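Please look over the sequence and the 3D structure shown here before reading the notes that follow.

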Amino acid sequence: MKIQFLGAAGEVTGSKHLITTDHGKKILLDCGSFQGKGLETDQMNRELSFAPEELDHIILTHAHIDHSGLIPYYYKQGFRGSVICTHATRDLCAIMLADSGFIQEHDTQWFNKKRARKGLPPVEPIYTQKDAQHCMELFIGVAPNRKLQIDNNLKVKFTNSGHMLGSAVVTLEVDEMGTMTRIGYTGDIGRPGNYLLRPPDAFPQCDYLITESTYGDRLHQDKQGAEDELLRIVKYTCVEKKGKLIIPSFAIGRTQEVVYMLNNFYNEGKLPRIPIYVDSPLAVNATDIFRMHYDQFNAEVQQVMENDTDPLDLEPCATLKM
Ligand SMILES: [Zn+2]
């Protein structure tokens, strides 16, 4: 077996790790885009270190674009294997990859206008919204904690990693001529204190572990401090100064956490009814997918749901205690 690290090594985006088994099977763990370096990133994303049509499977830890964003590009380049992930990751990818395709098309249009002024020929977007929609036919959703036999020599299991809706640690069992090797791949790991999601579960023992270390050298801010600060700012801006609360967010996960916190402030009587605008069609669509997967929420959210069946809906359930 050979393992190659094709991204997220020495940097934090572009997660892609290629496993080639002794049987010649090629399995890619995550298929993320490089992000954040402008034109240089586009070139890095277009470079292929193997032929996508040779790839048998992509196994996906979660839907964030730096872990999933190149699947439509590989599809466009001939990849027709399977993309295996949890059900929630599949549902989120359906909207997030299409949105990414839309952005690629628009960015390229703008870029081509500039090129035309210099007399240069137009370039094609790395992939389009259509490519992103078509690649969804390759997705296979699996429930967490169930072992899926992919073929005679390959099994996979997903264990909740608490990082975003649907995120999971992948455990891959590879049988090579009777020798079993278990590979653990964490993707991004969540924290126990997530407002919505269950804390990460312990994943099975493995022979080799591939892991991220993005926040390995940092201490996170205390949860209560962040909540108090949010409430103070919203009360000052929207209640005292009669301002508007606009959330111009494209972040999946964080947006829903903020909406949930605001909803709890209403329920606890700490905030009155104020209009809130989430300025992102993607975030609004993602909220619908969160609603479809309430079973993945933590005990605290389940408890809130006993009195408030939709904690991601901003209708207030209590009046303000002044
Ligand atoms: Zn992530």
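D30 lies in the loop that runs between strand 3 (26-29) and helix 1 (39-46), where helices (H or I, at least four residues) and strands (E, at least two) are DSSP runs numbered from the N terminus. This is a predicted model, in which local features need pLDDT of at least 70 and side-chain atom pairs count only at pLDDT 80 or more, while totals for chains, interfaces and linings use all residues. Residues are numbered from 1 along each chain as its sequence is written, and side-chain values use heavy atoms, with hydrogens and water left out.

**Residues with positive phi**

- Most residues other than glycine have a negative phi.
- The phi of D30 is near 65°, a positive value in a residue other than glycine, and D30 is buried, with a relative accessible area of 0% (buried means under 20% relative accessible area, exposed over 50%, and partly exposed in between, with a 1.4 Å probe and protein chains only).
- M177, placed in the loop between strand 9 and strand 10, has a phi near 50°, again positive in a residue other than glycine, and M177 counts as exposed at 62% relative accessibility.

- Strand 9 (residues 168-176) pairs with strand 10 (residues 179-185) in the antiparallel sense over 7 bridges, and the bridge partner of L172 in strand 10 is I183.

Terms used. Two strands pair if DSSP finds at least two bridges between them.
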